[in-house]
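Please look at the sequence and the structure first.

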Amino acid sequence: MFSLKALQKNRTLKYGVPMLLLVVGGSFGLREFTQIRYDAQKIKRKLDPSLEARVDVQKQSVILEQEYQKMETANLDEWKNIRGPRPWEDSREYQEQQRSRHNAKTDLGKEEKY
């Protein structure tokens, strides 16, 4: 029927079969690699217990009540709006300016009291 020489000259067997093996084998290989990727993401996604309590709906009511208690104790009538540094400003330098202004204001307040 077919000789070995005829099979070697057949272009389908020479190029088609290796291509099919590459495509089918590649799909199985990619499946394994993507499974590893998703398993790693699941491990990273596990929350620590404090965050897990915040996500859990039953425990959320307890946390909301605690936050409400904190807000009741806070004095909301005497607050001061403090501007944070802009992205182009050096935050440490800005903090030092804020501290020096605050200290200067408190020093003036002390002198007026006496």
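Of the 114 residues of the chain, 2% count as buried, meaning under 20% relative accessible area with a 1.4 Å probe and protein chains only, while exposed means over 50%. This is a predicted model, in which local features need pLDDT of at least 70 and side-chain atom pairs pLDDT 80 or more, while totals for chains, interfaces and linings use all residues. Residues are numbered from 1 along each chain as its sequence is written, and side-chain values use heavy atoms, without hydrogens and water.

From the N terminus on, the order is α-α-α-α-α.

Met-19, Leu-20, Leu-22, Val-23, Val-24 and Phe-28 make a nonpolar surface patch of about 620 Å². Such a patch joins nonpolar side chains within 5 Å, from residues with over 30% relative accessible area and no salt bridge (a Lys or Arg side-chain nitrogen within 4 Å of an Asp or Glu carboxyl oxygen). Leu-20 lies in helix α2, residues 11–45, and counts as exposed because its relative accessibility is 56%.

The largest pocket holds about 190 Å³ of space. A pocket is an open set of points on a 1 Å grid where a 1.4 Å probe fits, with protein on both sides within 12 Å along at least five of seven lines; lining residues have an atom within 4 Å of a point. Its lining includes Lys-80, Arg-83 and His-102.

Terms used: Helix = DSSP H or I, 4+ residues; strand = E, 2+ residues; numbered from the N terminus. Points joined across faces, edges and corners; volume = space filled by probe spheres on them. Patch = residues over 30% accessible without salt bridge, like charges linked within 9 Å, V, L, I, M, F, W, Y side chains within 5 Å. Areas by Shrake-Rupley, 256 points an atom, 1.4 Å probe, with all protein chains shown as cover.
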